[in-house]
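Trainee: Could you take a close look at one part of this structure with me? I would like to start from a single residue and then see what surrounds that part of the chain.

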Amino acid sequence: MLSQVLSGALLGIDGYVVEVQVDLARGLPYFATVGLPEGAVRESKDRVKSALKNCGYAFPRERVTVNLAPADVKKSGAGFDLPMAVGLMAAQGLLGPERLSQYLLAGELSLDGRLRPIHGALSLAMAAKQAGLTGIVLPAENAPEAAVVQDIQVLPADHLPAVIEFLSGDGELTPLTVDLDAVFNETDITLPDLHDVRGQEHAKRALEVAAAGGHNLIMIGPPGSGKTMLAQRLPSILPPLNFDEALETTRIYSAVGLVPPERALITTRPFRAPHHTISDAGLIGGGALPRPGEVSLAHHGVLFLDELPEFKKNVLEVMRQPLEDGRVTVARAAMSLTFPARFMLVAAMNPCPCGYHGDLVKECTCTPAQIQRYRAHVSGPLLDRIDLHIEVPAVKYKELGTETSGEPSQDIRDRVKAARKRQTARLASSGIFNNAQMQNKHLRRFCPLEENGRKLLETAMQRLGLSARAYTRIIKLARTIADLEAADDIAVHHLSEAIGYRTLDRARG
């Protein structure tokens with residue numbers, strides 16, 4: 001006898017509906033799974049058999065064939081346990097097809113029949129809605145994130161018998177709903193505040209400019225000058241995620257199983273700080289079945305690379321595409337997947353291997369050749385893609401010992417939000433949302449320069465030997481600085497400040 005149950009799988013971070021077809025035929029007892037199953041899917045037969053037996057249901061003594069359609073796409077994960085178990089019950093005539101055709105089922109089974117959480121529940125719920133299904137049945141731990149999807153029933157279940165009784169009409173599962181306003185209003189995360197940082201007013205100003213326009217930033221300074229401390233506080237001055245940003249970010253985290261328990265959405269901007277030993281696949285994504293890397297996990301947030309020259313050069317160079325395009329494409333022989341990766345890059349580095357080149361107190365012990373080799377780890381094309389280069393000198397004792405605290409993050413965040421609001425109003429018709437995303441056509445339209453400004457920029461280009469990409473970065477920065485002042489036009493002092501944020505260009509020029 002043949003039965004069919006609807007389930008789902010992930011392709012990158014996108015969900016799609018999978019038909020789980022179960023056939024019982026005469027012959028020696030055997031369980032075959034076809035449809036390009038990966039390891040965890042092939043092992044489902046053992047979990048399903050034990051779960052059915054331990055819940056008091058009979059396992060068929062016939063030849064069992066399970067087909068996962070479409071059969072030409074690889075299937076991974078343990079989410080097919082539940083639909084396989086239900087399909088076996090239906091193939092034995094114990095369940096009717098009425099509800100099976102209306103609901104998508106997904107969940108991992110314990111040997112005692114309990115449902116365990118899976119990856120990608122949010123994307124599966126979106127796929128079920130797109131397919132016109134009535135609802136989705138899944139483990140209770142995954143229900144909050146799936147319930148974010150409106151106009152579809154999200155039915156949480158704790159164990160296999162509850163699902164069987166619901167599908168047979170002998171029991172009910174209570175749909176879960178989520179109050180999105182309450183989700184965005186509640187927060188249990190206290191972000192580090194910039195008022196903890198003593199001194200470094202120039203660096204704080206640079207952070208404000210970077211946050212206001214979504215610009216990339218690199219900090220150069222000796223050990224202990226506060227580079228990491230400043231970077232960790234950048235999320236506290238960024239504007240909050242809107243619903244679309246939170247939904248896209250949550251989909252990425254859901255695909256790799258990183259959504260916090262009992263949380264419906266990721267509502268705070270991500271801050272990712274991978275170690276410098278990370279591989280290129282770990283940074284941009286990869287694997288036999290490609291999964292998101294750190295650049296995608298930092299989507300709509302901050303990617304912090306501490307000790308930038310210590311990263312492998314090939315690892316740094318693979319960031320060029322996501323920095324430029326806001327997405328990363330992972331190509332394999334069987335498939336090519338694109339992951340979103342629009343993040344703010346914040347990097348920190350020492351000026352030399354010993355860390356004290358140019359320091360007024362400690363003497364540098366590095367030779368010019370060592371300094372050159374150290375800085376050469378970060379290529380010119382990568383630096384061109386970083387808008388702000390700032391020096392973070394060692395903090396003097398007078399600044400450390402002061403009792404006066406710096407400006408709180410909330411005050412800076414208010415200015416950043418006001419600047420972002422101006423950008424959104426100006427750029428909305430262009431399909432972009434901050435100054436860092438502007439292209440040349442947007443610069444011509446929204447960033448005209450007066451005569452004195454053009455002359456200043458021409459002089460800076462000639463003296464510093466700036467590239468065409470650095471030229472556009474300066475104009476974008478000047479536009480952001482003008483937005484922070486609520487100015488309609490870019491003035492000369494806006495350009496002067498923007499040019500001052502190109503420290504490494506001056507060093508090269």
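Mentor: Happy to! Thr33 counts as buried because its relative accessible area is 16%, and the cut-off for that label is under 20%. Please keep in mind that this is a predicted model. Thr33 sits in strand 3, which covers residues 30-34. Once neighbours within four places in sequence are set aside, Thr33 has contacts with Val41, Val66, Leu68 and Met84.

Of its 509 residues, 52% are buried, and Thr33 is one of the buried ones. The chain is built with 24 helices and 18 strands, and its C-alpha atoms fill a box of roughly 85 × 45 × 45 Å along the principal axes. If you take the contacts with a separation of 6 or more, 74% of them join residues 24 or more positions apart.

For another covered part, turn to helix 5, residues 121-130, where seven of the 10 residues are buried. Those residues are Ala121, Leu122, Ser123, Leu124, Ala125, Ala127 and Ala128. What do they pack against? Their partners include four strands of the chain, namely strand 1 (2-11), strand 2 (14-25), strand 5 (103-105) and strand 8 (135-139). Two helices join them, helix 6 (143-146) and helix 11 (243-255). After helix 5 comes Gly132, with a positive phi near 80°.

Finally, here is a helix pair to look at. Two packed helices are described by the angle between their axes and the distance between the axes. Helix 9 (residues 201-213) and helix 19 (residues 409-427) pack at about 35°, and their axes are 8 Å apart. The crossing of helix 9 and helix 19 is right-handed. On the helix 9 side, the contact is made by Glu208, Ala211, Ala212 and Gly213. Helix 19 contributes Ile412, Arg415, Val416, Ala419, Arg420 and Gln423.

Note on methods. Residues numbered from 1 in each chain as written. Predicted model: local features only at pLDDT ≥ 70, side-chain atom pairs only at ≥ 80, totals over all residues. Heavy atoms only, no water. Buried < 20%, exposed > 50% of the residue type's maximum accessible area, 1.4 Å probe, protein only. Contact = heavy atoms within 4.5 Å. Axes fitted to C-alpha atoms, helices over the stretch in contact; angles between N-to-C directions. Left-handed = near helix turned anticlockwise from the far one by under 90°.
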